[in-house]
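I am opening my notebook on a new model. I want to go from the whole chain down to single residues.

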Amino acid sequence: METGPDLPVGECEFHDLMSDLGAWPPDIPDAPVALAVSGGADSMALAFLARRWRRNVVAFVVDHALRPESAIEARLTVERLAAMDVPARLLTLAPFPKGRLQERARQARFEALEAACVEAGCLDLLVAHHAGDQDETVWMRSLRASGPLGLSGIQRSAVRGRIRLLRPLLTLAPSRLRLTLQAAGLPWIEDPSNVNRRFERVRWRQDLTLQQRRDVQTLNLTAREESQSREAELAENLASHAVWHPEGWAFLEQAGMNEETLSALIRLVSGKAYRPAREAMRLLLDKGCGTLSGVQLQPAGRFGNGVILVREERALAAPIAARKGCVWDGRWRLLTHDIPADSVIGPLGDAVHGLDLRRLGIPSAAARCLPAVWQEGRLILWPRIGYMSGEADFVWASAVPVTGENQLTT
Ligand SMILES: Nc1ncnc2c1ncn2[C@@H]1O[C@H](COP(=O)(O)OP(=O)(O)OP(=O)(O)O)[C@@H](O)[C@H]1O
């Protein structure tokens, strides 16, 4: 976090922060930049600054519908944004199942924001994490003995699903965001959970001393340097020794086998957002084959001198109702229109016996986990993926790219 004088964030300063994030396409109505705005001070300041930086922005306000007053607050935020000349859309979430509420709410919020961005033609979504959030995150991860990747903290830029998440305020102290709004005479909503000490983050927010914040910033800087060089090594190793196949499996040459590469490929093939635990990863590497995180590692056999990584059939998600745009098993998005009602997306499974897998060059275990459209237990649409000429278009839709998480230096 900066230690300079507490001043409102200026227009030029914000311009520079946005330029640091890369080149921006023209400021045209067809490609607005999206803003995630909760109505709190941080994201309202983001909206204020972003609108002065660019004409064409669009804000999305998510109502989680978890508290009785949330609908009123969300509408108020939409009105406040409109008064700032920021067009805003309200996204109200459907009720979600009980348990792991915070995690589920975050996931559902992201899915709604991503879908809204795609619909509005936005490639980039700005969120309002700031330097305080970064300190607390890194501090909590250090308490859990995270490695360099964890300690490198919240990323300033990250590809998530179909959009890029950008955090232009990540180096700014939250006090400066409030000052920015105060100087402009703009209101915001105080969320009571932001001061509820039941949450670990809130306790650290209130209790971290200045010295602890400084220490954690140093830790963060070192970790980021280290993960950037690891990331470069990983990219090089992948480029030299790994092959990604569009049917959702990977080949890794023996010469490229190491913990970092395997762990990145396992995350990719599993479709999950997180890498496997380090200890389990090491055990798997020692054994050279086995299953981890819903991925099966096996000798490559006819595919070459190395291993292949395929999705583990037993770990597949249950079938889901087939609708255009939906994602099954965290990996495959269905793009086809005109899907019969009451059909589901599920694995090809035994139906692979109807395929010439040798000619297609797909391991049987990988083919069994490919998506297909089923109706009353009958396969009605084969997948059209890679070299397979089926009728249903599926595209790979895992949440996180295999590498490139630390592509920006901050
Ligand atoms: N309900 C929401 N609608 C839209 N965007 C949201 C919502 N909640 C959070 N965000 C976005 O995600 C970022 C991080 O979320 P987090 O929960 O840490 O923020 P917050 O404390 O709830 O809100 P704020 O950052 O606005 O004070 C926010 O800065 C905002 O950009």
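I started with contacts in this predicted model. I kept those with a separation of 6 or more, and 65% of them in the protein chain join residues 24 or more positions apart.

Next I looked up the overall dimensions. The C-alpha trace spans about 70 × 50 × 45 Å along its principal axes. Does the radius of gyration agree or disagree with that of a compact globule? It agrees, because a compact globule of 410 residues would have a value near 22 Å and the protein chain has 23 Å.

Then I checked burial. Of the 410 residues, 37% count as buried.

The protein chain holds 13 helices and 19 strands.

**Entry: helix 10**

I picked helix 10, residues 259–270. I tested its length first. Its 12 residues should span 16 Å at 1.5 Å a residue, and the end C-alpha atoms are 16 Å apart, so the two values agree.

Is helix 10 largely enclosed or largely open? I found it largely enclosed by the rest of the structure, because 10 of its 12 residues are buried. I noted some names: the buried residues include Leu-262, Leu-265, Ile-266, Leu-268 and Val-269. Arg-267 is buried as well.

I then stepped just past the end of helix 10. There Gly-271 takes a positive phi of about 80°.

**Entry: Tyr-274**

I followed the chain onward into the loop between helix 10 and helix 11 (278–287). Tyr-274 is found in this loop. Why does Tyr-274 count as exposed? It has 10 C-beta neighbours inside 10 Å, and a residue with 12 or fewer is exposed.

I also took one distance. Tyr-274 and Ser-227 are 47 residues apart along the chain, and their C-alpha atoms are separated by 16 Å.

**Entry: strand 19**

I moved on to strand 19, residues 392–396. Which way does strand 14 run relative to strand 19? The two run antiparallel, and 3 bridges join them. Strand 14 covers residues 332–334. I found Trp-332 opposite Trp-396 of strand 19.

Strand 18 also joins strand 19. Strand 18 is made of residues 383–384. Here the strands run parallel, with 2 bridges between them. Arg-384 stands opposite Asp-393 of strand 19.

Notes:
Residues numbered from 1 in each chain as written. Predicted model: local features only at pLDDT ≥ 70, side-chain atom pairs only at ≥ 80, totals over all residues. Pairing = 2+ DSSP bridges. Helix = DSSP H or I, 4+ residues; strand = E, 2+ residues; numbered from the N terminus. Buried ≥ 20, exposed ≤ 12 C-beta atoms within 10 Å, placed from the backbone. Rg over C-alpha atoms; globule rule 2.2 N^0.38 Å. Contact = placed C-beta atoms within 7 Å. Expected span 1.5 Å × (residues − 1).
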